[in-house]
Amino acid sequence: MDTVAQLEEAHRFARIGRYNEALAEYDKVLDADGSNTTALERKGEVYYALGRHEDALACYDRALALNPHLLTTWFEKGYTLRKIGRYVEAITCFEQALTLDPEYMLALANKGYALNELGRYENALACFDRVLETGPSNIRAMTARGVSLLGLGRNKEALATFDQALGLNAINSFVWQRRAEALRRLGRTAEAEESLRHVTGK
């Protein structure tokens, strides 16, 4: 089986959740060609799916050492780092991706999520504002924007943002919770309790 066919077989295994078989196929490709960055990145994605984050990061690092211009590898590395709480390192990776493609909104949004986690709300807000310029119905970025506004004490704006998000998806419990927080901060306790009923059903 040639490399292209082996990669396709590995991708197929990964898509259907047969991760050990996918890893075995990627290893076959890498045994024949240790510089195959596609195999390294996809192997990293499989490790991520298995919860083996350090192994995933090792694959991404190996691929980026071979080619530092791999856009999606920078993103995948950053995403993995963000998920395990290494936010500063994650931001660096997302910035590398954005250097390669300034319009990579997924990287920009994830940079914003990491900035929120660090309490850098002003910087996060700038990320979400730009993301929403290009995708005004991006509920996740909209919600995160509301979280940034809460962090900045801009509670009326946060409430308006959460209401906008609920206009797009009225069953998002996280948004109802954050909306209740904004209302409480504004002294609107009864409305906050009503908002929480959408979460608790009581």
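**The surroundings of Tyr26**

Modeller: Leaving aside residues up to four places away in sequence, Tyr26 touches Leu7, Ala10, His11, Ala14, Ala39, Arg42, Lys43 and Val46, a contact being heavy atoms within 4.5 Å. This is a predicted model, in which local features need pLDDT of at least 70 and side-chain atom pairs count only at pLDDT 80 or more, while totals for chains, interfaces and linings use all residues. Residues are numbered from 1 along each chain as its sequence is written, and side-chain values use heavy atoms, with hydrogens and water left out.

Tyr26 and Ala107 have the most contacts inside the largest nonpolar core, a set of 58 residues. Such a core consists of buried Ala, Val, Leu, Ile, Met, Phe, Trp, Tyr and Cys residues joined through side-chain atoms within 4.5 Å, where buried means under 20% relative accessible area with a 1.4 Å probe, protein chains only. Helix H7 (residues 105-117) supplies the largest share of this core, 7 residues.

As for the whole, the protein has 12 helices and 0 strands; helices are DSSP runs (H or I) of at least four residues and strands (E) of at least two, numbered from the N terminus. Of its 202 residues, 42% are buried. Among contacts between residues at least 6 apart in sequence, 41% join residues at least 24 apart. The C-alpha trace spans about 65 × 35 × 25 Å along its principal axes.

Technical notes:
Buried < 20%, exposed > 50% of the residue type's maximum accessible area, 1.4 Å probe, protein only.
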